[in-house]
Each structure stands twice: as structure tokens, then as C-alpha cells.
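Please keep the sequence and the 3D view at hand while reading the points below.

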Amino acid sequence: MVDNDKLVDGIGRRTYLGGIATGAAAGLAGCASGNTADGLEVLHGWTGGDGADAIETLTDAFEEEHSDIDGTFEAVGGDGNVELNTSILQRLTNENPMSSFANWPGNNLERYEGVLMDLEEDVWEAEGLKENMQDRAVELCTFNGQMPAVPIGSHRLNNLFYNTAAFDEAGIDAEDLGSTSDLLDALETIDQDTDYVPFAHGMRSAFLGLQTWVQILASQSGVDAYTDFIEGDGDRDAMIDALETLQEIQENYITDDASAIGYTQAAQNLISDEAACIHGGNWLYGMFRADDDFNYGEEWDWIPFPGTEGVYFYHLDAFVTPGDNPSPEETVEWQKFVGTQEAQIEFNNLKGSVPLRTDIESDELADFLKMTYEDLLDSDEYPPTLAHGLAVEPEQQNDCEGAIGDHFMDPYDAEAAADGLLDAVSE
Amino acid sequence: MATHDTTEATDSTTGPSKEVVTWKTKLRYFLNSDFVRSSPYWGIPFVLMGIAVYGGIGYNLAISFTDYAGIGRPEFSNLSLEMYRTALADGSFRQAAFQNFVLLVGFTSVSLALGLFLAVLLDYGIRYKETIQTIYLLPMALSFVVTAQVWLWMYSPGNGVLNVFVTALGFGSIDWLGNPRIALAAVIFALVWQFSGYAMVVFLAGLQSLPSDQFEAAKVDGASTAKTYIRIIIPQLKQASVGAAVVLMLFALKAFDFLYAITGDYRPPNGTDILATLMVREAFQYGQWAYGAAIATMLLLLSLSVIAPYLVYQYRQGAL
Amino acid sequence: MGSIQLDHLTKRFGETVAVEDVTLDIADSEFLVLVGPSGCGKSTTLRMLAGLETPTAGDLYIAGEHMNYRVPQNRDIAMVFQDYALYPHMTIHENVRFGLEEEAGYTDSEMDERVEEVAETLGIDDLLDRKPGELSGGQQQRVALGRAIVRDPEVFLMDEPLANLDAKLRAKMRTELQRLQADLDVTTVYVTHNQTEAMTMGDRIAVLNDGQLQQVGEPLELYHEPANQFVAGFIGEPMMNFLHGNRADAGFVGEHIEYPFDERLERAVDGVDDLVLGVRPEAVDVRRADESSAPNLGPHEFEMTVSVTETHGDQNILSLTHAAESVDHDVLRAVTDGMHIVKPGEPVTVAIDPETIHVFDGKTGKTICNRRIETARELTI
């Protein structure tokens, strides 16, 4: 209790107050951590493995060429770009945009509607990219009359990677697998006649099941069935057939711990000679390539997902630019660089995706990529991936993942899942 | 001071010219009172808390009445309860709320029971009491993230510790976290492992504060040990158990960290979705700010409804 | 029958010996008081009787049965604790009823009847619905008693039950307890550190010190014929006067006083040199000093000055200092009649009759000889 009459205490009190105020001010100042970086700021989701190597090569090359630009390249981790998207969303909502960020173009750009920067004039036309980029890529980078993105690499989604030793042991010739039922028979044979796990599969995240289901649907009922579905007019029976096939695979031919692992570990099963085959995007190629004992054409080989010959299931990584850009000039330089041959070759060779420019010497790419690149330029159909943002809007994609997550991750309810999927795309 | 007051009183009756003095004096007294003079001390945390916490809650509430989603600014022109209506109609919300409730009740009651049991054992005086106490309390020192990783390994369907036991006994390996029917139970078990030490400590303190001659009197009266505990000792732990229960329930509401750390993304294992994970998913993955805010508000109300009876109970105790 | 035998009972806590070789027989229906200073082992002995401690050595029998290892639940005893140990969350009725629930042969309604019966006897029947926290100290104590009584045990054990009551209440309860015990006719072992309670309440008193039994006997026996200096000093309020000194030709030479022995004392003391003389304050005779009688002091008379007078109403306790020296500590205390008023600073003549002297061995403390009691006159009941 302070005695009212003592003025001596007054000084103590004032000093104390002053101290508090200063402290608070300092604290608040510290808290307001500004991204006051001048120069280029790029966010991406490649935190490890092949992706990290690729982006590093890309950024090194850029900094060499444009040494006058001060560039910050930040990786934000997580499966399937989840964390990256959250960070981007927060930044853009807080009106604190970065210069550029890696993301999927196409319908995925829906979520950034209204805050994108148009690069059509400054980059696409200036560099003549409209002629030099693969058609589908150009389409996917156009959104709402603008062109806010430049593509860097494409992964193919309709792959079946297989362990040659396993197939040999089971007496299976991969070329013979022309349909999903062929695949199921093969899996059964492997299961009966060998010790291999027939199908390596990660089920931890819903999108993994979703992407495999898409392949089965396209394989069993044709790409049109898939296209109809993403346009809101899916054939329920076809969808249920595909779901039931997926269920059959997931119940019989995968490892016990599938529901706890992701695709990295599943691929690891293939590499360590325990599993026979795996479906995934060809980013898995990046993992295989990292292991020196596991080589294309020797220990492992590739066929398009049974039933999808002549089809290139499109996935696209691009660099997208927010409007109200903090560094418009530097950003334009960066985006131009992304579209150059050099960038595309350097990045993709390490990443395991293929470049989008049509004027690249395919010999400059690794063997497997060369084959994929040629298919990119020369396929019959180019359906866009569902699980990676190109086919439907983000909200619809989320709902699709939700449908799989809620109804198709043990226990399996094909009818409910099909209904969920149909509801998701019909909004 | 008393005489001063009476002088003032009589002064005020003598005429309006004196009232100014009275008013000023009162103001002076007020400014010199403990409340005002101490205000710089409690005032600063109050303001900070007010802005950061209560301001945040208020803004959250405001957003929940809009339809704010994605990038842009919220529009406060058209306020409605639509988000709440949507939430209550949504199956996954109801599911999450139900699972949240099961987690709350299950986790709290099992932790209390286990904590009480061990406290009784320790109080009874087994050997190595201090060591056992420490061992039992250690898991609380772990962060949720570490606990999640540990249990992820324990529960692994391939070669997790638990499945090693299960298969050794001849059963097929169980997918603890993958099977929606038992996933929630598995999560509750892991959380109980981490927190029942807290309940044990609270009960032990309560037990040790009871005078030992009650125990002796009961013995002399002829009661067996079990009866003594059930009739005499445990009923006197009501205060302690209410306190422990409230804290445990708050821990349960915060189980978000654990669930997030298990999967590494916003979608916890099937069957274990709770309001907190749903809220974060809706807000930060899907950008549905208003919907997420509505869920957050409802979570707040749930927490308050947990605390409120306790506060009322305490108030009544104090008022007695 | 509820008789108790303690046979060479010993209790050790680690290195410390709390109770050492206590042998004691307690008859059925007897009220025995265990008394002694703090730490003397009386509570430990009681707890061994209750079964809350196990004897380290020796044997314990209640009603003829060997009880060393029997749990308290099976001993048919009831105990009243110093802080009552009531169960705070139960009503008084439930508290009292608790012990009955373990007794065979009572139906629920019989139990309730018995509780009400006992409550009436103790005057707490209107408190049955309250909780212990709402009761005063005296009421709580009676509830504790009721809890013990209701079970009709072989033995009552009481551990300083009156210690937490105020003086008036304590005095009142002393009488009540005695009456109760006489009515119920149950063997009672009562522990206290208060010698007044011991003297007034017990059929017999057992005095303990440092874990050892000093003396056991009827109150007046201990008062007039203490077995050693400790008992002599412990029993009796105000305390017996002790004068330390040595044997001299004529009798005794102490620090301030020379006291010639009479024949009885001479014979008893014999050759012992280190002596302590004991005399009870009420046996010290005090008269106002006359200047005229100053030089004429008898062999057992001394001149002293009163330093402090304590007025008790019924008596006065005087602290006396030796007149000749200006010492500031008191040599003797004397008790005089309440009407006999002496003021501090007054010179007085003090006379001590040799018949009233106790002599103790200075080294061992044992009694060498006690005062003479003329049984016919002084101990008529």
C-alpha cells in the first residue's frame, strides 16, 4: 500500500511506468516482423529430395544470370503443398504478398481470384512463349482473361512403375497389361507365387487414394468418363466400379501399414525390393534416381497405367505472381527466366518432371524423362489431374478428398464415396 | 479522516458554494485510491490482454457473422447466423462435435480414475514411491508433438510395439489408428498416458493433506482398508477431483496439437476429427474464415460450459 | 473380561527406544491413567494397545488373548483421539454409526436406535444432522466419545481427549468422563500429560518417563509415597520443593540451608552422601517474622523473604528467598491459606517439620525415605 503522502515514491513509480512503456513499445516493434525484403521473394514447397535439388539449381542459375537482383527463395514444407498453400493464403489475406510462388495453375488459381498479376504482355508475348510452350500448358496458365503464371515442369500421373525382378519372378510381362483387370490378375499372381507385396501404396492422405481412383476410372471407363465427371456429369456406376476395384486392391494387395504411410515410404518399399509395383506421379522417378542401385530399365521399368496408353495425365507446376506485386520488375525478370530453355532443362532433369517448352532437344534430358517428354508432345489426350488442382476448383477438390477420406479409407463404402464425389463436383 | 468527512457533510448543507469543494475532494479521493494508483500496474497487462485475447475473441465473433472466405476483406454489411446454421446442419461438424465430446468425457474420466488409483497406491506407501511418482509424471514433460510421434510408432500396424505383443499372442495385427472404430480410443489412450500423472499428483496432494488419524480412527472402528478408502478418504477428495477434472477437460479440448502431429496435415485419422482440427482445416486449408470462426466460437462456448459449473460451485463454496 | 496385561513391552523406532520394558496389569473395569511428560512413551504404549503400532518386544494381552499381531479392527477396542478424528464429510449421525456398521448382530434400524440412545446420553442428540465442522470443540469431543461408546467395546483408549478444550470445559468434562466410565463399567486406559487429570480421574496412575515405567499405584499412594524423585516432582501441583546438598554431621547441608536430621531421617539416610531433600509446599509453614523472635529460630526454622505471591483465592502460593543473601532465585515455594495474606518483600519465618521430609538419592533419584503418614488421621476416605 502506497502512503498517499510520500512523494518520494512518485519518482519510483514514474520510472517504473516509463520502463514499462518502453518495454512494451520495443516488444510490439519486435512483433511487427516485417517482410521488408526488397527484391525478389519466391515461395515454393520443395523442401527435400529431388525437389530441393532442382529448385536450388534453378535459383543458382538465376542468381548467376541476374546478379543484380536480390532474391530470397523460401521453402514451405508439407505433403501435397498443404502448408505452402496455407502460407500463401495468409500472406495474401494480410495484404503482404510475395513476388512469386510455386503452385498449380489451372482451376487451382480459382482460390487466388482477383489478386493475380497479368504476365501476358511482359512475359508471354515478350518472350514468344505462346508459341514455344505446349498447348495444354498455355491453356492451363490462362485464367480469367489473364496469364498470371509461367509453367516450369510437368509430372505425368498415369504411371505404373514396377520392379523388374518381381515381375520376372511372377512370370509377368508388363507389356501385356492392357487393362485394369489385367493388372488385378497380375497382382493376384504376384501375391500367390512370390513373396513380394504386390502393390506398394500409401494411404495416409486422402489425395493418394483419389489419384489412383482417377486412373482406374479412366482405365476402365475411358478418359471421357473422367472428363464428364470433372465437368459435373459423372457416371455413377462407372465411378462405383472404379471405387470397388480400388477397394479390392487396397484390401488385398497392399502392406498392412499402408494407412500410416505416405507415398515416400511406399516408394521406398519398391526400391528396397519388397514390393512389385506402384502407381503415382512420376515424381517417384526422382526418388528412384536418387538410389544408385535402382536404375531405369534395369531394376525398375515403366508402363503407362494399364488401360491408359496414348494418354498423358497432366500435372503442372508453375510460378504464379500475385497482383499488387512488391517488386514488379524483378518478378518479370524471374518469370521470364523460368520460361527459358536453360531453366526448364536444369530444373526438370533434377526434379524428374518434363519441361513445357516444345523446342527442347530431348537428348538433353535423362532417358526416362526423354521418353516422357516425347509422350508429352505427342499424346492423344491430355486430361488434367484431379488431386493436384488442375481439374476442378480447390473447394471441389477438397470435397473430393473429403469424400474419399470419410468413406473410403477403411471401412469402404463405395456408394457413399461415389455420392460424395458427385456432390463435390456438382457445386 | 472521519472528522474530515463529517465536516464535508455539514459543509455541503450550508450552500452551493461549498459543493464544488466536495466534488473536487471526492475526485481527489478517487484519484488517490488504491484502485487508481495501482492502475499502471494492472492496467498494462489488462490492456494487452484486452487487445490480444478479448479483442481477438470479439473480432472472431464478428467475422463469424459474415461470410468471409478466401482472399480479401470481410464485409460487415450483411451479418447473419448463417455460418452457425451451416455448421449445425453439416454432418462432419456434428461428427466432430460428437467425437470431441467422447474425447472429453473418456479422457477425463479415465485419467481421473487412473490417477486416483495410483495416488492411493502411492499414499498407501509402496516402496520406491518417489521414483514411481517421477516416472509416472514424466510424460507430462513431453510436448504433444513428441508424444504423437512416439505413439505413431507404437501403434504402427507393421511392427509397432503394441502389434508385436498382439501378434505374439496369436492375433492378427491391429491397425490402431487406421480403423475409425478404435482410432479415437487409441488417441484417448495416448493422451491418458501423457496426463494421468497430473491427476495423480493432484490426488496425492489431496490424500496427503488428510489427517492420518481419520484413517486410524476408521481402522479402530473396524473398517477394512478398502472400506476406509471408499467411505472416508475418497469422498473427501471431491474438491481435488473437481479441480483436476476441469484442468483435464481443458487439456482434452486442446488435443489439436496431438492430432495434427500424428498426420502432419489438417486431416486427422478417420474417426478422430474434433472441433479444433475441423476449425483449423476449414479456416487455414480451405480459407473458410467465417465458417472457421463460427466453429471457434462454438468451441469457446463448449469450454465455457465446462468451466461454468466449476465456477458456480466455487462461488457457492466461498459464499457459504 | 476386559483386563489388560502388558508384559515387558518394548517399542523401538530405528535407533530410538520409545517404550522400554513396560510391565503393567490393568484389571477389568479399571480406569488407568498413563501420565508423563512429552515424549515419555505414553502415546506409543496406547497405540500399541490399539494395534496402530506393533511391539518390538514383549507381549500384550487383552481379555486374556495375545494381541501383538492382531489388527485394530479385530481387537474390540474403541479409541478417542486427541483431535477427535471425526469424518468431516459425514453427519454426526453417520460418524457415530460408522463403527457400528462393522459389528455383527445389528440391523439398520437397531443401529439407528443405538446411535440415538448414545447421543441422548451424551447430550448431543440435537446435533445428529450436522457436520463436524459446525460443532464446537466440546461438542466434537462428545461426538468422538459417542463414536467410541456406541460399539460397546472391551476397552476404551483415550489419547489426551481433553487437551484441546478450554479450562472450564476441561474441568467439567473430567467429571463427566468419570461418571460415564463408572456407568459403562468398561476398562479405560487414559493418556494425559496433565497430572491434575491423572490425580482426579484415575483409579490408578502409571507414570512414565523416557519410555520407562516409573511407578504405578493409586493417586494418593503416588502423592505421598513416590518411588523416585521424578514421580515426586511430577505428581503434585505446585511441584514439590527439592533442596540439593550433601550429608553433614548434623544432617543436611544445602546451598542455602542447613537442616538437621531427626532420628527417622538419620536411620534412613545412613551413609549416602549426595542427597536431595523434598518437601511439599503445603507442608512448609510460614509465619510473619517478629523482630523479637528473630534470634530465636528453632533447628528447622529459617528466615526468608517473600519474593512473589500468587493469589488463587482458595490459597496463596508464595515464592521464598533466603533472607540473608541477596540471591535472585527462589529457594522454596509454600502454600498458605487463602485468607492468610502475605505481601512480597515481607520477611517471614519458615518452618519445615522433619516428619514431612522426603529424602532422595542425589545420584539415582530413588527414594531413600518418604514422609511419615499417620494413616488413621490423614487418609480417611
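On the surface of chain B, a nonpolar patch is formed by B:Trp23, B:Leu27, B:Phe30, B:Leu31, B:Phe35, B:Trp42, B:Phe46, B:Val47 and B:Ile51, with about 1000 Å² of accessible area together. This is a predicted model, in which local features need pLDDT of at least 70, side-chain atom pairs count only at pLDDT 80 or more, and totals for chains, interfaces and linings use all residues; side-chain values use heavy atoms, with hydrogens and water left out. Residues are numbered from 1 along each chain as its sequence is written, while chains are lettered from A and ligands numbered from 1 in the order in which they are written.

- Patches consist of residues with over 30% relative accessible area and no salt bridge, like charges being joined within 9 Å and nonpolar side chains (Val, Leu, Ile, Met, Phe, Trp, Tyr) within 5 Å.
- Accessible areas come from the Shrake-Rupley method with a 1.4 Å probe, and for residues only the protein chains shown count as cover.
- Helix H2 (19–32) and helix H4 (39–64) of chain B each supply at least two residues of this patch; helices (H or I, at least four residues) and strands (E, at least two) are DSSP runs, numbered from the N terminus.
- B:Phe35 lies in helix H3 (residues 34–37) of chain B.
- B:Phe35 counts as exposed because its relative accessibility is 52%; buried means under 20% relative accessible area, exposed over 50%, and partly exposed in between (1.4 Å probe, protein chains only).

**How the chains meet**

- Two pairs of chains are in contact, and chains A and B share the most contacts, a contact being heavy atoms within 4.5 Å.
- Chain A and chain C are joined by no contact, and their closest C-alpha atoms lie 35 Å apart.
- Between chain C and chain B, 21 residues of chain C are in contact with 16 residues of chain B.
- This interface buries about 1800 Å², of which carbon and sulfur atoms give 56%; buried area is the accessible area (1.4 Å probe) that two parts lose on being put together, summed over both.
- In chain C, the residues that lose the most area to chain B are C:Gln73, C:His89 and C:Phe98, together 30% of what that side buries.
- The interface of chain C and chain B holds five salt bridges, each defined as a side-chain nitrogen of Lys or Arg within 4 Å of a carboxyl oxygen of Asp or Glu.
- B:Glu216 and C:Arg47 meet through their side chains in a salt bridge (2.7 Å, N to O).

**Salt bridges within chain C**

- Over all chains, the whole structure has 31 salt bridges.
- C:Arg204 and C:Glu30 form a salt bridge through their side chains (2.5 Å, N to O).
- This pair links distant parts of the chain, 174 residues apart: C:Arg204 is in strand S9 (residues 204–209), and C:Glu30 is in the loop between strand S2 (16–26) and strand S3 (31–35) of chain C.
- C:Arg204 is partly exposed, with a relative accessible area of 23%, whereas C:Glu30 is buried at 8%.
- C:Asp108 forms a salt bridge with C:Arg97, their closest N and O atoms being 3.2 Å apart.
- C:Asp108 belongs to helix H3 (residues 108–122) and C:Arg97 to helix H2 of chain C, eleven residues apart.
- C:Arg97 counts as buried because its relative accessibility is 14%.
- Salt bridges that share partners join B:Lys227, B:Arg231, C:Arg97, C:Glu101, C:Asp108 and C:Asp112 into one network.
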